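Hi,

Here is the model I promised to pass on.

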Amino acid sequence: MEALDLVVPVREGPSNQQLRYALRSWEENLPHRHVWIVGYKPAWLDGVRFIPTRQAGTKYANTTAAVRAACEHPEISETFLYANDDMFVMERLDEMPVLHRGPLREAESYYAARASGSYLRGMRETRDLLVEEGYPDPLSYELHVPLEISKTGMLRALDTGRHLDVLHKRTAYGVLNEIGGERIADVKVMHRQPRFDRSSPFLSTMPDSFANGEVGRVIRSQFPMPSTYELRGH
């Protein structure tokens, strides 16, 4: 099977060390063809393909614009791997498995007990949308792991939810395209402590947990060598 392109929305900002080490992990462990950076390209990047996008909205609007730009780009493979710059693949994969985090109602209960705000509102509105589309108990695909998507299927999901300002794109895509998959717990490590699943093939971090936490130390120690996507000396 031909390797897929890897598409990564990147926000404007400083050096982005999480992206540097994510690329190292993908080069070593996640087979792919080209890396496409969509949005902003840090100065140290090399050997990637780049689609600039205007980042004038919320982070949710910016990533939606980035995903749409990727889906509409003729040179990106029809099916591609969608990843964020804080997703690390810790062991070699032959291909990316399809993963979900279980029923959306359970994810909603988890977040409702801990926070409110636009993310939770978007989750609820996405759930309502999917129920209206005929999926009474939809799954959540809001995991911090790469997701294989098709351009056609994602554009359909984006169009279906275009009236939502915080569409949960991964979930809308996974449910509307009935991709199924295996359930896992989310792999995001938000703290500095050493308590996280070191046997997981996937890890994800916050800027602080990457820079100052044990999870960041583990990731940096596993991928000490620059990837071919880094300019020498940067």
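Which residues of helix 2 are buried? They are Tyr60, Asn62, Ala66, Val67, Ala69, Ala70 and Cys71, where buried means under 20% relative accessible area, exposed over 50%, and partly exposed in between (1.4 Å probe, protein chains only). Helix 2 covers residues 59-71, and its 13 residues reach 18 Å from first C-alpha to last, close to the 18 Å expected at 1.5 Å a residue; the expected span is 1.5 Å times one less than the number of residues. Helices (H or I, at least four residues) and strands (E, at least two) are DSSP runs, numbered from the N terminus.

Some housekeeping before the rest. This is a predicted model, so local features need pLDDT of at least 70 and side-chain atom pairs count only at pLDDT 80 or more, while totals for chains, interfaces and linings use all residues. Residues are numbered from 1 along each chain as its sequence is written, and side-chain values use heavy atoms, with hydrogens and water left out.

Elsewhere, strand 1 and strand 4 (residues 79-82) run parallel, joined by three bridges, with Asp5 opposite Phe80. Strand 4 is also joined to strand 7 (residues 147-150), this time antiparallel and by four bridges; Thr79 stands opposite Ser150.

Thr205 deserves a click. This strand 10 residue is buried, with a relative accessible area of 0%. Its side chain makes a polar contact with that of Gln18 at 2.5 Å (a pair of N or O atoms within 3.5 Å; within protein, one must be able to donate a hydrogen and the other to accept it, and residues adjacent in sequence count only if both atoms are side-chain atoms). Not counting residues up to four places away in sequence, Thr205 touches, among others, Asp86, Phe88, Phe210 and Ile219, contact being heavy atoms within 4.5 Å.

Ile219 turns up again in the largest nonpolar core, which has 37 residues; Ile219 and Trp26 have the most contacts inside it. (A nonpolar core is a set of buried Ala, Val, Leu, Ile, Met, Phe, Trp, Tyr and Cys residues joined through side-chain atoms within 4.5 Å.) Helix 1 gives the largest share of this core, five residues. Beyond nearby sequence positions (up to four places away), Trp26 touches residues including Leu6, Val8, Met87 and Val89. A second, separate core of 26 residues includes Val38, Val67, Met154 and Leu158.

Last one: Arg170, in helix 6 (residues 169-176), is buried, with a relative accessible area of 7%. Leaving aside neighbours within four places in sequence, Arg170 is in contact with Tyr82, Met87 and Glu142, among others.

Cheers

How values were computed:
Two strands pair if DSSP finds at least two bridges between them.
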